[in-house]
Amino acid sequence: MNLQLLLLPALFASVSLDNSSDAAFHRGVRERANAAEARPAFAEAAKGYREYWHHKHQRGIALAWGRASYLAGDLPSAIAAFRSGLHYYPADAELLAGLRFCRAEATSLGAASVPPEGLRQRFTPGQRLAFAVLAMTFFAFGLLCQFTVRWRSSVAWMFIGILGLVTTAVLEWQCQREIAVDLAQPPCVVRFDTPLRTGNGESYAPLLPALLPRGTEARELARRGGWVQVQLESGEIGWLPEEMLVMQI
Amino acid sequence: MSKIGKALITIVLMAFPAFAQPITSAEQLPALDRTKEDFYGAIVGAGPRVQVEWLMSSNSVERGGELILTLVVTNAANPSELQRPNLKDRPEFRELFDVIENLPEQPDPKRVEFRYKLRPRNEGTIVLPLPRYRYYVPQLPEGRRFQLANAPELKLTVTKPAPTSIAAVPISAPGEFFRLPAWWHESSANSPPSSEWRNTWWIAAMLFPLLASILGIASYRYFNPDAVKRAELLRRSEVRKTLQRLNDANDTEALATAIHSYLQDRWHIPTLGLSSREIADAFADMNIEGARELQQIFERCERLRFGGGNDSIPREDAKAWVLAVETESQ
């Protein structure tokens, strides 16, 4: 009872945060015919959802955050939001659709470095497990035949089953590796068009002839003095100022 | 002229060198004078003093708007030599204006105009800084020859920009982006789901086929006590093949051929050219029971083959004999 009383203020605080963000989002939707009026409301909602995402990694919050960010005109934050959600809910169809849409927008703006979708996005955990169960069923059936009626094809059934199980194990290993890479080298998105430099300072020469376009995705390798060393999908490694990046949370 | 007169003229010329040679160009001035502060080369000739004034394209301008300011210098004896004051170097101007560009001068032999395009920085009323412009008056005594030009004070009003009526632009996005998911009903994830493998139901689903298979094997063995031996028999390819051939045999000849093949492959008894009795004897020599039944099967086959009759092919007897022989030989 006492514990519940203690938790009550926290509960009210979270509810008020939810309500204010949702209210801002709905205000933006009402004003959608006028972007100048609607965008600040969406930006306010996006800020609230982003804060809430820090506390609770709920699928819907990531979705709301990504959508609100996009509608606020902040494409890099929208990409980061959808990616944050997909890190926890890798095959969620709505998050994936949002990310694909934002990436298409970023590509049309000139963003060249768009990473391919990983295996976690292509195969849902359910699909992977269903495949494993099927493979196990094949193996078990072959085993049953081998030790009872000794059908000629029982070995073939067992072989197919083992092959399926090995495939599933490899698939699973690759998925685990993707998670490990995400944790070791957090993804980030370029906030504004900015030059990718050879070192961590304005005095270093740009690595690429053109500015790195807004919405370009990269991976963080290191940090030093307010600068982040990033690697692009194409392999180039350079430095960008911290404030020019939106990090995946 | 007398000597005294000449001497007086010489003294006057030495005291006032300007009278000796009229100065009409800045080039005639000593180098130190040419670089004097706020002196842009204007020399006063025989006529009136040099006049300097500002002209503005408008007394009022919107913030962010542009203004053309003209510095007009008249009565200079050397208009072609006048230099353009650089407003970008003047702090009092830099505070008030962005100097966008210096416009080209307009050629006029009597008055020189230097034009500047400016953009006011702040709103309000601006008193234009007086132009600090020195000119040289050779007729005046030494020390007073550089005179500062006077110019009337000018005021500029910088107004707030008129609100521009921009047509409302709707936000373009897919329809679902304008819908909020009912996220407050969802449970939250504290860590990225590596997979669903930790889910008990999924583990059960994975293990179910295996457990079912083990259960199936156990029950098969339970309901077939001799299943071990049977499985052992079936494992031998010769026995399997023979049973298959006996199953497929449609006549007595095929049946006999299947038994002959079995005896050759499994027991290495050469059956070629031997009668059924000789084969049975050879089988009996191996100390395995079943020679008599073998001979009976052969005899039945021969009877059916040569004598006809209504008797059926002894297929089942042959299969039973093979299984019996194999069981016996274990």
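I began with helix H4 (residues 75-88) of chain A, which lies across strands E1 (187-190), E2 and E5 of chain A and runs at about 165° to E1(A); helices (H or I, at least four residues) and strands (E, at least two) are DSSP runs numbered from the N terminus, and angles run from 0 to 180 degrees between N-to-C directions, with axes fitted to C-alpha atoms, for helices over the stretch in contact. I note that this is a predicted model, in which local features need pLDDT of at least 70, side-chain atom pairs count only at pLDDT 80 or more, and totals for chains, interfaces and linings use all residues. Residues are numbered from 1 along each chain as its sequence is written, while chains are lettered from A and ligands numbered from 1 in the order in which they are written.

I then looked up the open sheet of five strands in chain A, which has the order E4-E3-E2-E1-E5 with antiparallel pairing (two strands pair if DSSP finds at least two bridges between them). E4 (237-241) and E5 (245-247) of chain A stand at the edges with a single partner strand each, so one side of each is left without a neighbour in the sheet.

Finally, I checked the contact between the chains, which takes 35 residues from chain B and 42 residues from chain A (C-beta atoms, placed from the backbone, within 7 Å). H5(B) gives the most to the side of chain B that touches chain A, with 10 residues.

How values were computed. Contact = placed C-beta atoms within 7 Å.
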